[in-house]
Amino acid sequence: MRLREAKPVIAVKNLVKIFAGARGQVRALNNISFEVGRGELFTLLGPSGCGKTTTLRCIAGLEQPAAGEILINDRAVYRAVDGTFVAPEQRQIGMVFQSYAIWPHMTVFQNVAYPLTGGSRNDVGKRVSGILERLSLGNLSDRLAPNLSGGQQQRVALARALVAQPEILLLDEPLSNLDAKLREQMRFELKALQESFAITTVYVTHDQEEALALSDRIGLMHEGDLIEVGSPADLYLRPAHKITAEFLGTSNFIPAQVESAGVTSSDELLVQSPIGRFVALRSAEWQEGQAALLFFRPENVEFISEKDPPHNGNNAASGIVERVTFLGNSADVVIRSGETTLRVRAHPARAPVSGEEVSFYVGPNSCIAFPA
Amino acid sequence: MLLYASVKSTEDKLPFESTVTTLSNYVAVLTSPATLPIFLNTFIFAVGSLAIGLPLAILLAWLLERTAIPARAWFANLILVPMTIPSLLSAIAWIQLLDPSNGLINVVLRGAFGMSADTGPFDIYTLYGMCFVQGLRLVPSAYLMIAASFHAMDPSLEEQSAMAGRNIAQTTMRVTLPIMRPALLAALVYFIIVVIESFDIPGLLGFTARIRVLSTAIYWATHSEVGLPDYGLASALGVIILGAALLLMWGYQRLTRHQERFATVTGKGYRPRQVALRGWTAPATAFCALYAIFAVLLPFLMLLWTSVQPFYATPSVESLARVSFEGYANIWRDGSVVRSIWNTTLIALATSLATIALALLVSWFVVRHRRSTGIWANYLSTVSFLPQCVPSIVIGLAFIFVYVRFPIPLYGTLWIIALAMTTRYLAYGSRATTSALMQVHGELEEASQMAGAPWTRTIRRITVPLLAPALINVFLWVAVHAMQELSMALMLYNPDTVVVSTMIWSMWQNGRTADAAVLGVVLILLSAMLLLGGHLISRLRRDASS
């Protein structure tokens, strides 16, 4: 994670967007606030319809919000209170659209040269060829857009967004139109490019792998709310909200009850679940006897032999293997323990077999208790 | 746009205003013994034209789309040729073929069968003559409409019937036609509107025979040979015809909406199954050939023939000797002819450019700003589609009312004619540009905004070039229609603003048959040149981009 400077390049404050739909009004954005630091790659992640693209389009100026404030380098480009609204063409932001929006009636060169107005022909030519070289598109400059492959179109869209040297780059699902292999390759290229340009970037995607691999920080969105913001590792390993835990990776959720609000240290607590007692990290203030939801990930479950239960029997349980699915680099094991079904990720060579009775352990640092 | 809207609303109101102040017009219209024949004539004219035109079009469409008839590409193109000939001229051509005393066909038939009478056997100056000419006029556009739905039908629907053991006749009756019923019904309603608002043919043929239908009655009420123009009567008739057209249009839209239930187009590429004609090949081909000769080539040749004769005469050895192109040379000496060609060019250009600009604006608001402008976008699209069902003659009438009292002295200028035509053609234009714009992804324009381009540059560099094919088509369609339009021009012209179509009309009324034919051929050539030019431009563009 990059060190953030004190002054953010983009500051979004209490943004509200309302769409007038066929059946009344829909609140597309609900008090969204976040900041993006200089040179940072900030990802808005969420399922389709969560408002991430709408947020991006509000920053671009392509949508007019209903309330709130958007600052770019401390200058308001949108402010509801005094009616400030800077038109998108005056915001000097580079943007890559989901469809790439390469103009089919222009060559690659003309597409990329479009944002450059003023300046001599020579100068424009130099800058365009410079950026085309850098994106290894030099030999395609006379091609018409329909004669480009998906990957090439994506690069042209990037070149067009970067050629005027904007301070901010907005990327709307830039990899979703590419096939799986190319997508993975472009993911690294994109990251390298963003770092070498040191350009402040807001990236929108619904693909969690992409978000985890690329981002400095991720903002997770759900139904118009910004649920939480943090580094990829924070969000994945220690989500503060159930929605985050659910969206990223695979999860086990077990209904439980708080037995003691303070056990070994101040940020741990003890819960009683149908499969046993667990020491878990807390995610809120708790009262004894309150209903909770115990969360842990399948890959944090270890198989143990029944003879040496750790932690005085806490955080351990047993059950019967119901199904084993071989996935190559791992095996997906479904365990039934009483009424509860759990998913466990096992090493493919050390996976149990169907019908076997197993005991397992989940470390306290991998367990989180969410409000039920 | 605001100007246009104001024109629209006053236009809608004005005839109604007159209903409040002088209800007697309606009483006069509805009780006068003279008007009953008008309604009756209109009814017979509509039914008769459709009874001739639609079955012909359906038969031709079926033969050319669904059977293995030889030379189908040739026939398909020939059928469409009359679309470039103004209906005014096809009326003139048919008069020369079927005039009871010296029409070519009548003369030939009388000679062949040794009939002694001076007239007959056919008389074009009757209601049935009008139905016949109008019916043939409908065939090209009806053919286009019906052939398209024959073409789009999924052949597996018919193949399924064949698998169930039905033969071709049974399949056609029990599957093909019922599936096409909504499309055929829609075509029927649409062409009733076309016939009711048709002016040229009943105007020309009914003038001699004194047979009036609604559209021509409006004209004659305002251009009475004796006495003052009766605008009250005209607008009362106008409201009636407008009401009928609106009602039909409403029915048409209901029909086409329900058509989705019969979604025959699946977007899959397939070749419709073709029926082998076997023993019927020769009669079917003969039928198509006869139609092409009789309905397409003969009228055009007749017009050409008349234009190279100093005065009208039936083709014979004697008159062949008189063939000269003097008519084509002399016509330029007539100052008003030259003026009419110049005026027509100006109007065609102004109308098509104005239509494109307004249509682009309308569809841009409707497509791109539907969400932000909401009700406005809907209002705009409704208002711009409305003139589709307002008969031209009514628009002409309304423009007289509105602009006689309009503060800007537009009345009596060329521009009022161009404005009336723009109003009329905007419906077609905005429909075409709207569907084209919907194909253009909005992000293409947004990308230009993000590149720092103001909206003017976005429209100029991105939107217009991307829409160019559709815009060229709208330009050509509007320009050709504006060149050939008669009824609006007739209502609004004066000696200074005479156009080619009104020139032909008045030449014909004054008995200058040969001159009318010459000018007619010139008009056809101008339209053909325009269409050919447009075709070449789009060919060149396609070559350049590939």
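Domain bounds in this account come from an automatic or database domain assignment. For chain A, that assignment gives domain 1 (10-92 + 167-246) and domain 2 (250-363). The model is predicted: local features need pLDDT of at least 70, side-chain atom pairs count only at pLDDT 80 or more, and totals for chains, interfaces and linings use all residues. Residues are numbered from 1 along each chain as its sequence is written, while chains are lettered from A and ligands numbered from 1 in the order in which they are written.

The C-alpha centres of the two domains of chain A lie 35 Å apart. Contact between them, defined as C-beta atoms, placed from the backbone, lying within 7 Å, involves 4 residues of domain 1 and 4 residues of domain 2. On the side of domain 1 of chain A that touches domain 2, there are 2 nonpolar, no polar and 2 charged residues; here Ala, Val, Leu, Ile, Met, Phe, Trp, Tyr, Cys and Pro count as nonpolar, Asp, Glu, Lys and Arg as charged, and the others, Gly among them, as polar.

Secondary structure elements are DSSP runs numbered from the N terminus, namely helices (H or I, at least four residues) and strands (E, at least two); two strands pair if DSSP finds at least two bridges between them.

Elsewhere in chain A, β13 (residues 268-273) and β14 (residues 276-282) pair in the antiparallel sense over 6 bridges and form a hairpin with 2 residues between them. Val279(A) in β14(A) is the bridge partner of Leu270(A). β14(A) also pairs in the parallel sense with β21 (residues 368-371) of chain A over 2 bridges, where Ala369(A) is the bridge partner of Arg282(A).

Chain A contributes 19 residues and chain B 16 residues to the contact between the chains. The largest share of the chain A side, 3 residues, comes from β7(A). This side comprises 13 nonpolar, 4 polar and 2 charged residues.

Chain B is divided into domain 1 (41-305) and domain 2 (331-546), with 26 residues from each taking part in their contact. On the side of domain 1 of chain B that touches domain 2, the largest share, 8 residues, comes from α12(B). By class, this side has 19 nonpolar, 5 polar and 2 charged residues.

Also in chain B, the axes of α21 (residues 442-450) and α22 (residues 455-484) come within 10 Å and cross at roughly 160 degrees. The two helices α21(B) and α22(B) are therefore roughly antiparallel to each other (angles under 35 degrees count as roughly parallel, over 145 as roughly antiparallel, 65 to 115 as roughly perpendicular and the rest as oblique). The residues of their contact divide into 3 nonpolar, 4 polar and 2 charged.

Key:
Contact = placed C-beta atoms within 7 Å. Axes fitted to C-alpha atoms, helices over the stretch in contact; angles between N-to-C directions.
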